[in-house]
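Please look through the structure below and follow how its parts are arranged. The explanation takes a sheet to begin with and then a pair of helices.

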Amino acid sequence: MALRLVSDFDLRKDVLPWLRAQRAASAGAGARGGGAGIFENNYESLRVLNVERNGNIIYTYKDNKGNVFFGLYDCQIRQNEHLYTFEKDLQVVSGSVNSERTLLAASLVQSTKEGRQNELQPGSKCLTLLVEIHPVNNVKVLKAVDSYIWVQFLYPHVDSHPLPENHLLLISEEKYIEQFHIQVLQEDGNKVKSRSILKCIQFCANENFNLMFEAPLDISLSDSGFKLVNFGCDNLQDQEKLSKYLTLCVFTNHTGSLCVCYSPKFDSWEQITYSVFYFHKGHSKTFTAPLGSTNSRVTQGITFLNLDYYVAVYLPGHFFHLLNIQHPDLICHSLFSTGNNEVIDMLPHSPLQSLSGSLVLDWCSGKLYRAFLNQSYLLEFLWNTRLDCEKIAVLHCVLSCGRDPQFLETKIIQWVSENISACHSFDLIQEFIIASSYWSTYPETSNWDKLLPYSSVLTWTTEIPGITLVTEEIALPLMKVHSFQGYWEKLNFHLEYVKYSKPPLHYNNSVVRREWHSLISEEKTGKRRSKVYVRNILDTAIKVISNLEARSLEPRLTPLFQEEDNPQRLLMGLMVSELKDHLLRHLQGVEKKKIEQMALDYVSKLLDLICQVLETSWRKHNLHPWVLHFDRQASVAECAVFHIMTRILEATNSLFLPLPPGFHTLHISLGVHCLPLHNLLHYIDSGVLLLTETAVTRLMEDLDNTEKNEKLKFSIIVRLPPLIGQKICRLWDHPMSSNIISRNHVKRLLQNYKKQPQSSRIDKSSFSIEFLPLNYFIETLTDLESSSQALYAFEGHDNVDATFVEEAALKHTMMLLGL
């Protein structure tokens, strides 16, 4: 299933054996009093009462005499400890112990058995007691009221810096909060009234508290009853009755996100609606999902679970949703599974409570779980799903897991290679390259997600089956403090970004595209700017390639990185330089060297992913480097790899990403093997295949001068850029190449030619064949070549002269006439 729950604590396994051992030891020693009498054969009343911030678990138990036992399970050393026993017949509402385990706070109500009375405080419904369990068992009554009270000790953020006194919160059913500062038995109260807006209060060690922010919630809280989150489970209230009321959860994570998840009370058995307020993004989304045709009725409310970058929303037997809270803008980045299937049926059907650190507590079974996204299931889901929206959502889910990224990338690349044409709503290679590069570098800085693209998909208009979505802008939280640290600093950054960053700050290659085209144009015309500037760009490209090679765990089989390929090296260097400048503008307080390395790592990662996609296909089809030679027939495997390379080229071209040096040489080599001549020339003319000097040189050397090969060679040569064409023609000893060389030579000679008065008589004895037009033309060329200016201008062109032009013209004519 998509969500994997690993048991971190089980009441029946971690506590019950200890209780039985204690009972056996007490019975054997004949011990009396001190709580020994509570141990019996029936442990049905054993239940979890609270999970403290440090992970310790408070549980309670009642024996057949009505005595109430409080115990603690230490999650670090995995041992149990008896805290206190009330030898009265009471019902426990809530309980908490301080970090030093010297004080126990408990709220209890009198027994409902007829005839029994509350002997501690007659006339009151609920007692809140403070018990000094070490060193002496003193009991202090903090509250005796007619409404339920929940208690919770506040723990210091860092265990190594204990608070000078204990801080205890009392939360009343009547919707008020009291804070007690406890030094032995001293008490002091600070009351904080709650309104119908979301308020966040931070309690400090100096006996003060800070109102951090206020945020209006556009939801109706009337007739909502009273329900607490993370203050223990109240077994006195009917869970089925509570399921009919609204559900409200507040989730944060280390990146500074703030989400409020809300589900109103049920008013229909046909569909269910819930909302998520993404305060760190400035909008809310309301989701409506059908309950389907299942016969099972809804007996509990929606469960919301905080899974770091995601919030899981599920209703047992009906649906399971994974909402992307880091990038919630597009619905396609969240996963929606609806109906009866393995995902839903494997999850617990009992009420769950989400705790910090991805912990999940099952109150009914007394089990504490640590929740993870199940990588194995998600990978299997990726292979089996047919919907584009599920493919892109699961792809991001898998990459966000962060465990063993090398293994994940290998598995995803295998899937990409097999399904390269299966997606119609987005480019699969683009999405994988962008998403994997993002997640591989994201943890380095909390602001990274604002500066780099998360996805290649910018808009999504396709409907998600079974989901109706309404998105609305919401008011941002109003921060009430001016100095921020830790989580608050990150949250404030998100809020400032939403306010002022229009348009978004995500990096793109538009500047690189312009600069690269400018440099390539300068190279063709011979007018290049500062050599130092270009040299620095190429030196940066060398660093990228070195960084890339260092990432490779085994030798590459694909024949890449075997030539200079200056155009791609220029593109690499330019992208690193522009990305570095982009990060320097927006990452305040990060040293320049670290930013330079981040830019280098990011571009290296992009290239590495491209190489891995090609390498996987190469290994799958068992190709060898001899595919670069042209004197052999193409295979089905070569055609498959050629198709993959063409899709890689399409993906990178639209994003203007660099390719590994030698990519175009390998691509054109496979293209010559796999495509008929007319298709090959169409690919070249449309820019899909690029003619590189390395590939064309090898083609001229490998192929003989059969009629078919001559046609291919000539078609290639006439499409070469002039500078490369001049070099290649000299490698082919053939009338066609001589004709091309002659044409270029004549073109250069006559470029600035001005006709001069000339004798009409021609010395025919100097020509081997009497053909007046040719004789006159050759004499004109000879006169031009004889000028010192012409000799200087064309010096070094392999002694191509008028005589060479005459011979080439005659050979070409004879070839055309078949002589």
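Two strands are said to pair if DSSP finds at least two bridges between them. With that in mind, turn to the sheet in this predicted model. Four strands make up an open sheet, and their order across it is 6-7-8-9. The pairing in this sheet is antiparallel. At the edges lie strand 6, residues 90-97, and strand 9, residues 138-145. Each of these edge strands pairs on one side only. From one strand to the next, the twist averages 20 degrees.

One pairing can be followed in detail. Strand 8 covers residues 126-132 and is joined to strand 9 by seven bridges. Strand 8 and strand 9 run antiparallel.

The helices come next. Helix 13 spans residues 592-620, and helix 14 spans residues 636-655. How do the two lie relative to each other, and at what angle do they pack? Their axes are 10 Å apart, and the packing angle is about 165 degrees. Angles over 145 degrees count as roughly antiparallel, and helix 13 and helix 14 are therefore roughly antiparallel to each other. Where helix 13 passes helix 14, the crossing is right-handed.

Which residues make the contact? Helix 13 contributes Ile610, Val613, Leu614, Ser617 and Trp618. From helix 14 come Val641, Ile644, Met645, Ile648 and Thr652. Sorted by class, this contact has eight nonpolar residues and two polar ones, with no charged residues.

Conventions:
Residues numbered from 1 in each chain as written. Predicted model: local features only at pLDDT ≥ 70, side-chain atom pairs only at ≥ 80, totals over all residues. Heavy atoms only, no water. Axes fitted to C-alpha atoms, helices over the stretch in contact; angles between N-to-C directions. Parallel < 35°, antiparallel > 145°, perpendicular 65-115°, else oblique. Left-handed = near helix turned anticlockwise from the far one by under 90°. Contact = heavy atoms within 4.5 Å. Nonpolar A, V, L, I, M, F, W, Y, C, P; charged D, E, K, R; others polar.
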